[in-house]
Amino acid sequence: MVKQQYVKFIVGTGNLWYYLGMENFFSSATPQKEENTPLVNQYDDLKNNYQRIFVEAAESIRAAVNKFKPENPCTLCTIKDCSIEKKDVFTNYPRGCTYKDWQAQIITFLTGEYQQKLKNTYKMIMDKKNEYSCNCCGDCCRLAVSEYSYEQLKQRAARGDKFSQDFVSVFVPYKTEEEAKAVNPEYFDLLNSLVEDEKTYYYYCPKLKGSLCSNYENRPNICKDFPHNPLKLLPSRCSYNTWRAEISKQALLLKAKTDIIEFYKNKLG
Ligand code: SF4
Ligand code: SF4
Ligand code: SF4
């Protein structure tokens, strides 16, 4: 039930994950054999793959939007004194320019049909999680991390943030980082190495008794839905690591496309 922080290079907090055009990715992806690979190396592999995946995502989106790029409308253009040479997607075109209409079409496409496909892919990834089940190791209850302090989380909860409400309904902060690290040094070090110099706060749930939840029937949604993000950092004993390994490349590509769409929206919106 840890925060969806999955570090800077991968996932921004609270993002929805969208994606389109994964066919090429699926056909080129090699099955992962991660069972015996140390956790930190698995994440290093993901990080190292991200640049390639991001380029693949950018090229895929560029190809999609170029399909409806107008063909040389300048020959019929009545706008005078236009000196634009590079007819790029991000060029600043004047009002009335056919390429400006194209840019508007791009936004409609990316935020409509394209985004819906990304949502479908996200659903497919999360549905696949149902093929796996929790092995009740309790590690996610023993060590949760947030970029927010306990006070900040309570403030967010008071403002209506559902995740924060669930979080503070079960988790309490460790007194020291040393105490948190002692619980699961490997997971702690992994989280710390990925957040780099950002401050993070560590939590545990006092409702965990041994490895079992003492309030299982009433546990909040953040417990029921864990892991709620396909790029979530997971403890090494978590049985959902198999799911995460299976879908991680798809999820990275989805994340890359989501970020690229945001870039298009910011530049053209
Ligand atoms: S305004 Fe647009 S369509 Fe007209 S000449 Fe310039 S780039 Fe071409
Ligand atoms: S309420 Fe239960 S499932 Fe949720 S964090 Fe606490 S012990 Fe774990
Ligand atoms: S298997 Fe995963 S979800 Fe289940 S208790 Fe362990 S860490 Fe949590």
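In this model, Phe109, Leu110 and Thr111 in α4 meet Glu113, Tyr114 and Gln115 in α5, a contact requiring C-beta atoms, placed from the backbone, within 7 Å. The residues of this contact divide into three nonpolar, two polar and one charged, where Ala, Val, Leu, Ile, Met, Phe, Trp, Tyr, Cys and Pro count as nonpolar, Asp, Glu, Lys and Arg as charged, and the others, Gly among them, as polar. The axes of α4 (residues 98–111) and α5 (residues 113–129) come within 3 Å and cross at roughly 20°; axes are lines fitted to C-alpha atoms over the stretch in contact, with angles from 0 to 180 degrees between N-to-C directions. The two helices are therefore roughly parallel to each other, a term for angles under 35 degrees.

The model is predicted, so local features need pLDDT of at least 70 and side-chain atom pairs count only at pLDDT 80 or more, while totals for chains, interfaces and linings use all residues. Residues are numbered from 1 along each chain as its sequence is written, and chains are lettered from A and ligands numbered from 1 in the order in which they are written.

A residue belongs to a ligand shell if its C-beta atom, placed from the backbone, lies within 6 Å of the ligand.

| Shell | Nonpolar | Polar | Charged |
|---|---|---|---|
| Ligand 1 | 10 residues | one residue | no residues |

Among the residues surrounding ligand 1 are Cys74, Cys77, Cys82 and Cys97. Ligand 3 is surrounded by 13 residues, the closest being Cys134, Cys137, Asp139, Cys140 and Cys238.

The protein has 12 helices and five strands, taken as DSSP runs (H or I, at least four residues; E, at least two) numbered from the N terminus.

Key:
Angles under 35 degrees count as roughly parallel, over 145 as roughly antiparallel, 65 to 115 as roughly perpendicular and the rest as oblique. Two residues are in contact if their C-beta atoms, placed from the backbone, lie within 7 Å.
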